[in-house]
Amino acid sequence: MPAYVIGNFFIFSLINAFTPGPGNILALNTVTNYGYKKGRPLFLGIFAGYYVVQILCAVFVFGLSSFLPGVLGVMKYIGAVYILFLAVHIAVSKLPEEDAEASASFLKGFLLQFVNVKIYLFGITALTGYVTDYSTSFWVLCGFELVIATIGSIATMTWVGMGLLIQTWYRKYFRAINIILALTLLECVVSILFS
């Protein structure tokens, strides 16, 4: 796999993981409302759920490559459209409204990831857009998904660790940050379609 493809995979993964999503916003709200100690079970649930969902994405993509190999070429374009949608959404989005959560349980964090469409699309798009042209080995797909889950967990922990600091900074420079992220995602679309 060429270095520029790996670089674009990491750019795509970092942007997806660090931008606000259900897990990051819930983690930020929880640490703000309950503190780290009381929120820890929820954070661990989010991390565990992230890894399980990404392995499910690897199984899904491996199944497609084994039983319907022609679908992977189509999935690449679907992934490019999704990244383009994500870029536009990030560029025009408004600051999210934050609702305080009533509890901070492991199960709530874990189950959140199973309904978090963002991470399913993230995992499948990353594999079909960057990895499957070079390998459809189950272990390679799982390895890349574990990298995605690790980056996602680090991103969520960053939101937890930085708490209000990130929220304040992000709110202050919201539009500029989102436009830069959107333009970077557009470069990722170009690399998927023309690599």
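These legends describe close-up views of a predicted model.

**View 1. Helix 1 and its buried residues.** Helix 1 covers residues 3-18, and its 16 residues should span 22 Å at 1.5 Å a residue. The end C-alpha atoms are 22 Å apart, which agrees. Buried residues in this helix are Val5, Asn8, Phe9, Phe12, Ser13, Ile15, Asn16 and Ala17.

**View 2. A nonpolar patch on the surface.** The patch is formed by Met1, Tyr4, Ile6, Phe10, Leu14 and Tyr134, which together have about 530 Å² of accessible area. Ile6 belongs to helix 1. Its relative accessible area is 31%, so Ile6 counts as partly exposed, the range between 20% and 50%.

**View 3. The aromatic pair of Phe9 and Tyr130.** The whole structure holds ten aromatic pairs. In the pair of Phe9 and Tyr130, the ring centres are 6.3 Å apart and the planes are at 80 degrees, an edge-to-face arrangement. Phe9 lies in helix 1 and Tyr130 in helix 5 (residues 117-131), so the pair ties together parts that are 121 residues apart in sequence. Both Phe9 and Tyr130 are buried. Ring pairs also link Phe9 and Tyr130 into a cluster with Phe10, Phe12, Phe122 and Phe144.

**View 4. The aromatic pair of Phe62 and Phe138.** The ring centres of Phe62 and Phe138 are 5.3 Å apart and the planes are at 70 degrees, so this pair is edge-to-face. Phe62 is in helix 2 (residues 22-67) and Phe138 in helix 6 (residues 138-162), 76 residues apart. Phe62 is partly exposed, at 29% relative accessibility, and Phe138 is partly exposed at 23%.

**View 5. Two buried cysteines.** Cys57 has 1% relative accessibility and counts as buried. Cys142 is buried at 6%. A search of the whole structure finds zero disulfides.

Definitions and conventions:
Residues numbered from 1 in each chain as written. Predicted model: local features only at pLDDT ≥ 70, side-chain atom pairs only at ≥ 80, totals over all residues. Heavy atoms only, no water. Helix = DSSP H or I, 4+ residues; strand = E, 2+ residues; numbered from the N terminus. Expected span 1.5 Å × (residues − 1). Buried < 20%, exposed > 50% of the residue type's maximum accessible area, 1.4 Å probe, protein only. Patch = residues over 30% accessible without salt bridge, like charges linked within 9 Å, V, L, I, M, F, W, Y side chains within 5 Å. Areas by Shrake-Rupley, 256 points an atom, 1.4 Å probe, with all protein chains shown as cover. Salt bridge = Lys/Arg side-chain N within 4 Å of Asp/Glu carboxyl O. Disulfide = S-S within 2.5 Å. Phe/Tyr/Trp six-rings, centres within 6.5 Å; stacked < 30°, edge-to-face > 60°.
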